[in-house]
Amino acid sequence: MSKPYYITTAIAYTSGKPHIGNTYEIVLADSIARYRRMQGYDVRFQTGTDEHGQKIEIKAAEAGVTPKEFVDGVAGEIKRIWDLMNTSYDRFVRTTDEYHEKQVQKIFKKLYDKGDIYKGYYEGMYCTPCESFWTESQLVDGKCPDCGREVKPAKEEAYFFKMSKYADRLIEHINTHPEFIQPVSRRNEMMNNFLIPGLQDLCVSRTSFKWGIPVDFDDRHVVYVWLDALTNYITGLGYDADGDYGDLYQKYWPADLHLIGKDIIRFHTIYWPIFLMALDIPLPKQIFGHPWLLQNNDKMSKSKGNVIYADDLVDFFGVDVVRFFVLHEMPFENDGNITWELVVERLNSELANTLGNLVNRTLAMSNKYFRGVVSNPGVMEAVDESLKSEVLVAVKKVDDKMNELRVADAMTEIFNIFKRCNKYIDETMPWALAKEEDKKGRLATVLYNLTEGITIGATLLSPFMPETSQKILSQFDAPALSLSQLSEWGNFPSSGASVTATPEILFARLDVDEVMEKVTAMTGEAGTEAPAESGMDVPAKPQITIDDFDRIQLRVGEIIKCEEVKGSKKLLCSQVKMGSEVRQIVSGIKAHYSAEEMVGKKVVVVANLKPAKLAGVLSEGMLLCAEDDKGELALLTAEKDMPDGAEIS
């Protein structure tokens, strides 16, 4: 019987359309849920919307609709985007659901009868966007410490929850369960800034607006945001305050993971556990406060005009490219960064070059040399063991990283598999083996090993890029593998399996300037980078004739391998394929490109330059670059995807 695993996201507030930073959380949770399913868990994955509060009431009035009509529209838009991003949630809960509202009323009454909730008056500074009261001492420069907006003095009758009654018990739980709040920096923040200094009682009802769940024994009051919103994690499972629990609650609670943004960590790691203690309910096993996804290193805000939406990104790049970017580029603890230009760069370098080119080349060689049949005659060499070992080590590392919720690191390990396969092509040179009839067995073994490595990587990729994973596995006609099978080499049939005869291009390279032109046309803005200068002037050289120019042979070359030149701070040594030959070219561009970035690029080569030694390493040509007035270099490439070896004239 599979072990249950319950994962939730924070429920999205229905004040407006979520941007890509908000959307990141549901994609992150989905990748974890999908991976846990691969591990064999019986996963329950819940998300949804938070739909009550004064802000909603105001926005609905401004729109000329009822609050319910307003949240119905926004909740539908949020669900559309969650579905667009191919997320595999099991339940989309809404706090306007009848069952949820009824249970919140029962929970409120239960806590009141227990003496944990009492009536009083609240007087303080109120932030409407955050729906939070603050004391003067908590304000930062006279403004809300959470969002930085204006606050206004407010006084009203309210019910309060006795937070301090449970503070010591919560401190003890956190100290004895170091995994409870992650990352560690969030735990330290909660302990040092809130729990140890002492908790104030919490306002849990309001009378100044009506859009909320009524307190059924005092209808002047509506239940205030956090006692309403946080309880979705149990009401969505069928929790009943009278003890008549549903099967889902008994099976899945306590939650294994609450995945939330770092800005609401306090509510989930202090308020929520204390509510649960008061209800005599077990605490969730772990709460992970993920960092923010910034736009050009700035927090996204409609008022700043720097918001990027997931559906706009998908229109340009496709779902899996967007999933790849937000998962791969977000650090474990620090904020990540997104710009349109960065997405294009990662698409071209990691997806089109590292992954797409690898898959396409391998399929093309299988079709060219063996009519699409992959088999393993077992003609082994030492390099094969190196490939196998590194791939299987990466499989273990992926599992370790995912168990630590280090999703970006896990994806890096998967792409290390693809990079190792690319290196294996360079090491074995299948095109050279194909020229010798007695090397056919060796060539078949090489292509089998490549296929095995790629399909292992593609299987691991499925929680993060499910559509891409399926496309790759389908093209190789690879069997479905469990996670446990990936720890062994040789799952791909060795007796002869046929791959697709017409490989699909997984990712087309994009021109960043063309993308930014379209973005500007779509948004009316000039993009995320500073406007370019009008140009630069350089000293003119003496004129040459067409005969002079004709003496220079320029060709397109594909970099199939690159490494740093030992002992040099500037030089990279590239193996550049031009048609049937491979040249070694040394270039002083280490400050501008890493060796990994170079692999897969199609560059312009001065092919008839006299060979020379640089730092003792033979160089058989030159790679052409452009240089700006700041000394930044950019490799020259052909505008269209030209075959390596093509002559430039």
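The largest nonpolar core holds 108 residues, a core being a set of buried Ala, Val, Leu, Ile, Met, Phe, Trp, Tyr and Cys residues joined through side-chain atoms within 4.5 Å. Buried means under 20% relative accessible area, exposed over 50%, and partly exposed in between (1.4 Å probe, protein chains only). I20 and I32 have the most contacts inside this core. Its largest share, twelve residues, comes from helix α13 (residues 340–370); helices (H or I, at least four residues) and strands (E, at least two) are DSSP runs, numbered from the N terminus. Another core, of 62 residues, lies apart from the 108-residue one. Among its members are Y126, A241, I265 and I270.

The model is predicted: local features need pLDDT of at least 70 and side-chain atom pairs pLDDT 80 or more, while totals for chains, interfaces and linings use all residues. Residues are numbered from 1 along each chain as its sequence is written, and side-chain values use heavy atoms, without hydrogens and water.

The structure holds 43 salt bridges (a side-chain nitrogen of Lys or Arg within 4 Å of a carboxyl oxygen of Asp or Glu). R420 pairs with E390, with the closest N and O atoms 3.1 Å apart. R420 lies in helix α15 (residues 407–428) and E390 in helix α14 (residues 382–403), so the bridge ties together parts 30 residues apart in sequence. R420 is buried, at 5% relative accessibility. E390 is partly exposed, at 39%.

E596 bridges to K419, with the closest N and O atoms at 3.3 Å. E596 is exposed, with a relative accessible area of 53%; K419 is partly exposed at 23%. K17, E77, R80 and D311 are linked in a salt-bridge network.
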